Amino acid sequence: MNDEGYMALALVEARAAAEKGEVPVGAIVVCGSVVVSRAHNLRESNHDPLAHAEILAIRSAAAHLERWRLFDCTLYVTLEPCPMCAGAVVNARLERLVFAAADPRAGAVGSIMDIPRNARLNHRAEIRSGVCADESAAMLKAFFAKRR
């Protein structure tokens, strides 16, 4: 499967988040060609400010693989990660990060800063952005339009 195919799985997770009243962000972690974890935002459901899709997917992947270094894995996420999640990409030593829509207000992978490619950090991830961006952005727009 290619990046677009894996992102389609992350978008399924984003839709599941929206159905729960969560901001529609979904994430999956792929190791080799195997999806090792899937997650979506659960901040409201879990009353947990750290329950971003990326954090949940990375934790689940590490538990599944029984290691915290995910050097041979790719994180797919439907929205550009925030500083916390971008830092988790670095700390988990993820090989790649693929995201859909940019987040000009809080994105930390090129929008307001660029944590995973910062040369001063001990690890840098390969980045691909804009994969299925229109679909992800439309889902986010529709979600927030309903809430207003």
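Which exposed residues does the face of H5 turned away from its buried side carry? In this predicted model, that face holds Asp 134, Lys 141, Ala 145 and Lys 146.

## Helix H5

Helix H5 comprises residues 133-147, 15 residues in total. From its first C-alpha to its last it reaches 21 Å, close to the 21 Å expected at 1.5 Å a residue. The buried residues in H5 are Ala 133, Ser 136, Met 139, Leu 140 and Phe 143. They lie on the same side of H5 because they cover an arc of only 135° around the axis. The cover over these buried residues includes helix H1 (3-19), strand E3 (73-79) and strand E4 (96-101).

## Overall architecture

The protein contains 5 helices and 5 strands. Read from the N terminus, its elements follow the order α-β-β-α-α-β-α-β-β-α. The radius of gyration is 14 Å, close to the 15 Å that the globule rule gives for 148 residues, so the protein is as compact as a globular protein of that length. Along the principal axes, the C-alpha trace spans about 40 × 30 × 30 Å.

Of the 148 residues in the protein, 50% are buried. Among contacts with a separation of 6 or more, 57% are between residues 24 or more positions apart.

## Aromatic rings

How many aromatic pairs does a search of the whole structure find? The search finds 2 aromatic pairs. Tyr 6 and Tyr 76 form a tilted pair, at 5.2 Å centre to centre with 35° between the planes. This pair links distant parts of the chain, since Tyr 6 belongs to helix H1 and Tyr 76 to strand E3, 70 residues apart. Both Tyr 6 and Tyr 76 are buried.

Phe 143 and Phe 144 make an edge-to-face pair, because their ring centres are 5.1 Å apart and their planes stand at 85°. Phe 143 has 10% relative accessibility and therefore counts as buried. Phe 144, at 32% relative accessibility, counts as partly exposed.

Arg 67 lies over the face of Phe 71, 5.0 Å from the ring centre.

## Residues in the loops

Glu 66 is located in the loop between helix H3 (53-65) and E3. The phi angle of Glu 66 is near 60°, a positive value in a residue other than glycine. Arg 93 occupies the loop between helix H4 (83-91) and E4. Phi of Arg 93 is likewise positive, near 60°, in a residue other than glycine. Gly 110 is found in the loop between E4 and strand E5 (126-129).

The table gives the relative accessible area of these residues.

| Residue | Relative accessible area | Class |
|---|---|---|
| Glu 66 | 72% | exposed |
| Arg 93 | 22% | partly exposed |
| Gly 110 | 48% | partly exposed |

Which residues does Gly 110 touch, not counting residues up to four places away in sequence? They are Glu 80 and Arg 117. Gly 110 and Ile 127 are separated by 17 residues in sequence and by 9.8 Å in space, C-alpha to C-alpha.

Leu 42 is placed in the loop between strand E2 (34-40) and helix H2 (43-46). Leaving aside neighbours within four places in sequence, the contacts of Leu 42 are Lys 20, Glu 22, His 47, Ala 51 and Leu 56. With Leu 56, the separation is 14 residues in sequence and 8.7 Å in space, C-alpha to C-alpha.

## Returning to the helix

Phe 143 is one of the buried residues of H5, and the ring of Phe 143 is paired edge-to-face with that of Phe 144.

Note on methods
Residues numbered from 1 in each chain as written. Predicted model: local features only at pLDDT ≥ 70, side-chain atom pairs only at ≥ 80, totals over all residues. Heavy atoms only, no water. Helix = DSSP H or I, 4+ residues; strand = E, 2+ residues; numbered from the N terminus. Expected span 1.5 Å × (residues − 1). Buried < 20%, exposed > 50% of the residue type's maximum accessible area, 1.4 Å probe, protein only. Arc of directions from axis to C-beta. Contact = heavy atoms within 4.5 Å. Phe/Tyr/Trp six-rings, centres within 6.5 Å; stacked < 30°, edge-to-face > 60°. Lys NZ or Arg CZ within 6 Å of the ring centre and 35° of its normal. Rg over C-alpha atoms; globule rule 2.2 N^0.38 Å.
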